[in-house]
Every structure is written in structure tokens, then in C-alpha cells.
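Here's a quick briefing to read alongside the model. Have the viewer open and follow the topics one by one.

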Amino acid sequence: QVQLVESGGGSVQAGGSLRLSCSASGYAYSMYAMAWFRQALGKEREGVAAISGGPGFAYYADSVKGRFTISRDTVKSTTIYLEMNNLKPEDTAMYYCAARPPNQSWVPLQLDQYKYWGQGTQVTVSS
């Protein structure tokens, strides 16, 4: 059984930073593509950042480029991170970790590409 557990959310002021973590279990993690999505109140869930299996190529939504960094723990390969800097009030949302088995046809930030989901962690940014 694949399980994803997010942590690290919280409340910060604009300009602050947070680091989210996603711990995965139940599969050959290093070969799975992983991603972070977010859903603000009243809005659709959107892709924020994704990292490929194997070499770990990273992909970002335009709204977070230069501010967010996705990475995979080199020691504990079952954990990925989302480093969020210069946070803005519009970054306020529930953040979800997602994973999918390796597949050549992969659209990194597309919602329906992912099979497994965590329960989410709340990020709130005040102005």
C-alpha cells in the first residue's frame, strides 16, 4: 500500500519561508515521479512543482519559479521537500504531495497524472 504523508505547513508573514516534507512508503520510491499541488479555498487544485524519478529533473509552475524548490532527500530517498521562499498571500492553500509510477508519457504538473495522494498540509501567508 502506497502512503504519502506531508508535514511542515504553518502560518507565516509575507516574505517568509517554509519547508514542506513528504514521506513516502510502500513502493520503489526513487523511480516514481513526485509532485506538489495546492488548492486554495474555492479554487481548483493546481500543480506547483514536480520532480522526475531517477535523475530528478524539476518542473515548476510559473507562479512559483525562482521562489520554490523541489528536491529529493539523497539519504532518505523516501522523502521529498518543497522549499518555499518569499511567500506571498496568494500562496495560501492546502498543499498536497502526489506520486505516480514511472511512465514515459508524463505531464509533470497535470492533476490526472498522479495515482497516489497525501492528506495535505495547510500553508497560510498573511500580508
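Start with Cys 97, which is buried at 0% relative accessibility. Keep in mind that this is a predicted model. From that cysteine we go to its disulfide partner, then to a sheet, and finally to a pocket.

**Disulfide**
- Searching the whole structure turns up 1 disulfide, and it links Cys 22 with Cys 97 at an S to S distance of 2.1 Å.
- The link between Cys 22 and Cys 97 is left-handed, with -80 degrees about the S-S bond.
- Cys 22 sits in strand S3 (residues 18-25) and Cys 97 in strand S9 (residues 93-100), so the bond ties together parts that are 75 residues apart in sequence.
- Cys 22 is buried too, with a relative accessible area of 0%.

**Sheet**
- S3 also belongs to an open sheet of 4 strands, ordered S1-S3-S8-S7 with antiparallel pairing.
- The edges are strand S1 (3-7) and strand S7 (68-72); each has a single partner strand, so one side of each has no neighbour in the sheet.
- On average, neighbouring strands here are turned by 15 degrees against each other, ignoring direction.
- S7 and strand S8 (residues 79-84) run antiparallel and are joined by 5 bridges.
- Ser 71 stands opposite Tyr 81 in S8.

**Pocket**
- The largest pocket comes out at a volume of about 150 Å³.
- Its lining is made up of Arg 38, Gln 39, Ala 40, Lys 43, Glu 44, Glu 46, Glu 90, Thr 92 and Ala 93.
- By residue class, the lining of the largest pocket splits into 5 charged, 2 polar and 2 nonpolar.

Definitions and conventions
Residues numbered from 1 in each chain as written. Predicted model: local features only at pLDDT ≥ 70, side-chain atom pairs only at ≥ 80, totals over all residues. Heavy atoms only, no water. 1 Å grid on protein atoms, 1.4 Å probe; cavity = no way out; pocket = protein on both sides within 12 Å on 5 of 7 lines; lining within 4 Å. Points joined across faces, edges and corners; volume = space filled by probe spheres on them. Nonpolar A, V, L, I, M, F, W, Y, C, P; charged D, E, K, R; others polar. Disulfide = S-S within 2.5 Å. Helix = DSSP H or I, 4+ residues; strand = E, 2+ residues; numbered from the N terminus. Buried < 20%, exposed > 50% of the residue type's maximum accessible area, 1.4 Å probe, protein only. Pairing = 2+ DSSP bridges. Axes fitted to C-alpha atoms, helices over the stretch in contact; angles between N-to-C directions.
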